[in-house]
Amino acid sequence: MLLLFIVSSCQRQTEHQFIYTFKDAKDATVENVHKVVEVVTTRLDVYGLDPLVEVYQGDKISVKVHSNELDQESFNKVVVNRGKLEFWETYEAEPFLQYVFDIDKEFEKEDSTSLRAIQDKFIAQGYPGGSILGYFKSNDTLGLLNILNANKSKLPQKKRLVKFLYGIPEGERGIPIYTIKGNREDKASLTEAVITEARQGYNYANSPIVNIQMNKEGASRWERMTGKASSEGRQIAIVVNDVVQTAPGINGGPIKGGSSEISGEYTVDSAWEFAAVISSKGRIPELKLFKYVNETQK
């Protein structure tokens, strides 16, 4: 598992205390503080850590665990993850390529060296018929995404609700940018609110996956959504905290019953981590680590 917890009556144990605060002070309401305590406890219970999660000084959250081997970076990543899971329809990306290059030409006319050179970041086009606009160099990719989303008025009217989102970096291949089918409300068809269970598992090739089960409402929406994607030959983007994790095609018709697999470039550890976050039944406000202390105890 991702986080190691070793117990022995004769070993000295280290108590790790992580104190978190809200990144945005206005989120530090009594309701949010108690929600975070509940959600973080649920997440960490997956790892068998027997955590003590409690309110600290009124507006902070203290998390204590006892472990002789603890990956602090991974532990922190699990706690601060907002758990924002969304399912979005996608566009075919190829028609948007000309938009990218047209923006580049306008920046060249303005001789704005800080904004042009989108093409300089371009490594390769996505596969034909897919939702990946292209693969881009990782330097200043946030700026690139902001440019693409800020100039959508230059697109045809029917395409202006597109959302451009990053995917998971793919090493030397670069970072993929996806074309997501947005809407005026900027609201995903499905969110983590419909997930009743999530657990790490394996597919037919023995690769790690995440199995999810949706409630009745989610299952009904998922059936309609997958049926539409299948009939149109489109993909569905699975997005966590505004980053596309995977965008599978739906080839076998609508998926019924609300039970599905999420696959991607998962390791067993990362699949455990993902399942722990999305099974916590809700998104939490963004947190940041305020203080970390540890003490070796008998």
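A pocket here is an open set of points on a 1 Å grid over the protein atoms alone, with protein on both sides within 12 Å along at least five of seven lines, while a cavity is a set of points where a 1.4 Å probe fits but cannot get out; lining residues have an atom within 4 Å of a point. This is a predicted model, in which local features need pLDDT of at least 70 and side-chain atom pairs count only at pLDDT 80 or more, whereas totals for chains, interfaces and linings use all residues. Residues are numbered from 1 along each chain as its sequence is written, and side-chain values use heavy atoms, with hydrogens and water left out.

The space in the largest pocket comes to about 870 Å³, a volume being the space filled by probe spheres set on grid points that are joined across faces, edges and corners. At least two lining residues come from each of strand 6 (132-136), strand 8 (175-181), strand 13 (243-246) and helix 7 (268-278), and helix 7 gives the most, with five residues. Helices (H or I, at least four residues) and strands (E, at least two) are DSSP runs numbered from the N terminus. By class, the lining of the largest pocket holds 17 nonpolar, ten polar and six charged residues, where Ala, Val, Leu, Ile, Met, Phe, Trp, Tyr, Cys and Pro count as nonpolar, Asp, Glu, Lys and Arg as charged, and the others, Gly among them, as polar.

The second largest pocket has a volume of about 220 Å³, and among its 14 lining residues Pro248, Ser260, Glu261, Ile262 and Ser263 lie nearest the centre. Strand 11 (208-214) and strand 14 (259-262) are the elements that give two or more residues to this lining, with strand 14 giving the most, three residues.

A search of the whole structure finds one cavity of 30 Å³ or more, and the residues that line the largest cavity include Ala93, Glu94, Tyr127 and Leu133. Five nonpolar, three polar and one charged residues make up that lining.

Turning to the chain as a whole, its secondary structure consists of seven helices and 15 strands. Of its 298 residues, 46% count as buried, that is, under 20% relative accessible area with a 1.4 Å probe and protein chains only.

Note on methods:
Buried means under 20% relative accessible area, exposed over 50%, partly exposed in between (1.4 Å probe, protein chains only).
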